[in-house]
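Good morning, and thank you for making time on the agenda. I would like to take you through a few local features of one structure.

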Amino acid sequence: MHQDMSEPAKKIGETQFILLYPWPDHRDAFLRDVVGKSQRPLYRYQLTDADTTLTDWLKNLMTVLTASTHDGPSNLQQALSQEEATLWGQALAADLNQIATGDAIWFFLEEMDRLPHDIQLEQFIEALVHHLSDNVYLAVSSRLLQCAPWRALALQNEAVVFGPKHRAHEVIYTRLEEPKPALEVYGFGRGYAEVNLREIENWDGALPRNLFFFFIDNPLVTRDEIFAAFWPKLATKEATNVFHVTKRKISERITMKVETDGNYELTQYSTGFYKPSEKLVRYYDVGAFEDAVGRAMITLEEDEEEALLERAIDLYKGPFLADVDMPWIVKRREVLQGLYAQALIGLGRLSQARGESVTALGYYVRALKETPYREDIHRDIMQIYINQGMLDDARQQYHTLKALLAENMDIAPAHETRALFERIAEQTVKSG
């Protein structure tokens, strides 16, 4: 395996065995910036709930490879008649080497953490890696890179681990010295966090949990900002004591979920700011959501805009930390709710421009549930109803808006909205 990684971010495509974390933006960056630029054929398998054991997965993998190759994985098929994981790894390597005869290929296995990490998997992976030809480039994504067999391969320099770093609207890769625990944080809905797929369920009170989410949501924050959000009425000395006790509880909750030795802090202090600790690799659904909406707003490609907006909508599982009403959470909830509405409106605009009125109507109706005072969206809905001859529905939409504005804002609909309503009356007269 060639490992010339003096400039790892530039030479990732020259690395034969790559380990990476499986989150969508990281995966997409890898496929785009590494696999895409290498122009090597890609063979890809994403594990599912059906892949509960190593043998189940290999049988499912054989079906996929048979459909995408001329001869199919004949070596693996024969090896599975025996009960030796080492033979299975050697056989799959032989099949991949045969596929790669002449032209190099990428073989990408996603979400390998679905398989039991036991001695059988270790034997299989070790045999697979050691029997691949130079023409097979292997990439594996898993949340459990800190566990066997991945960690041993990385520490022995037989595999290179890449952790993600974010710049504005971009994911880049840096080589890690060794795998790190994977911290996944989900802020939409009830809010929860997992370390290496193990959920943190006992926070020892609401305060550690809320401070945890504050740190996650504010990756660069000062002590004064923290105190203002949590203990605005306490003296600095008292607030400092409570802060350090609470911060220690967060560290304990994370460390309890990591199976190796060590202490895993969520943050590190530097130049007056609390920043994300370098001991963990993070995924945050709210950050991914905001990134997708932001990228959609600046792209000039309609297909990319649509894909990004769809991703954002899929990420939004409900109001931000729905069961907590601290002032900073309420404020963030409103901002994110507005971005969600904007994503729905964006997809509605794209659909309407393509003449897909029914689809656009669905997005607009959903958007109004999040931002009911958007007159322009009410007008868009009215216009769709008018175009479809649904004049009663258009009138009802106007009266709904009128009542909403009068009751909550003590104003009447704008001139443009009233003019559209008058058009409904004109069309009613004509049709009568």
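I will speak about salt bridges, then a helix pair, and then the surface. Please bear in mind that this is a predicted model.

The structure holds 30 salt bridges. Among them, R114 and D49 pair through their side chains, at 2.7 Å from N to O. This pair joins distant parts of the chain, 65 residues apart: R114 sits in the loop between β3 and α6, and D49 in the loop between β2 and α3. R114 is partly exposed, at 35% relative accessibility, whereas D49, at 66%, is exposed. Both residues belong to a network of salt bridges that also links E111, D113, R143 and E184.

Because they are four residues apart in helix α15, about one helical turn separates them.

Let me turn to the helix pair. The axes of α3, residues 54-68, and α5, residues 85-99, come within 12 Å and cross at roughly 15 degrees. The two helices are therefore roughly parallel. Their crossing is left-handed.

Finally, the surface. Y373, M409 and I411 make a nonpolar patch of about 270 Å². Y373 lies in the loop between α14 and α15 and is partly exposed, with a relative accessible area of 38%. D410 is in the loop between α16 and α17, and is exposed at 68% relative accessible area.

Thank you; I welcome your comments.

Methods
Residues numbered from 1 in each chain as written. Predicted model: local features only at pLDDT ≥ 70, side-chain atom pairs only at ≥ 80, totals over all residues. Heavy atoms only, no water. Patch = residues over 30% accessible without salt bridge, like charges linked within 9 Å, V, L, I, M, F, W, Y side chains within 5 Å. Areas by Shrake-Rupley, 256 points an atom, 1.4 Å probe, with all protein chains shown as cover. Salt bridge = Lys/Arg side-chain N within 4 Å of Asp/Glu carboxyl O. Buried < 20%, exposed > 50% of the residue type's maximum accessible area, 1.4 Å probe, protein only. Axes fitted to C-alpha atoms, helices over the stretch in contact; angles between N-to-C directions. Parallel < 35°, antiparallel > 145°, perpendicular 65-115°, else oblique. Left-handed = near helix turned anticlockwise from the far one by under 90°.
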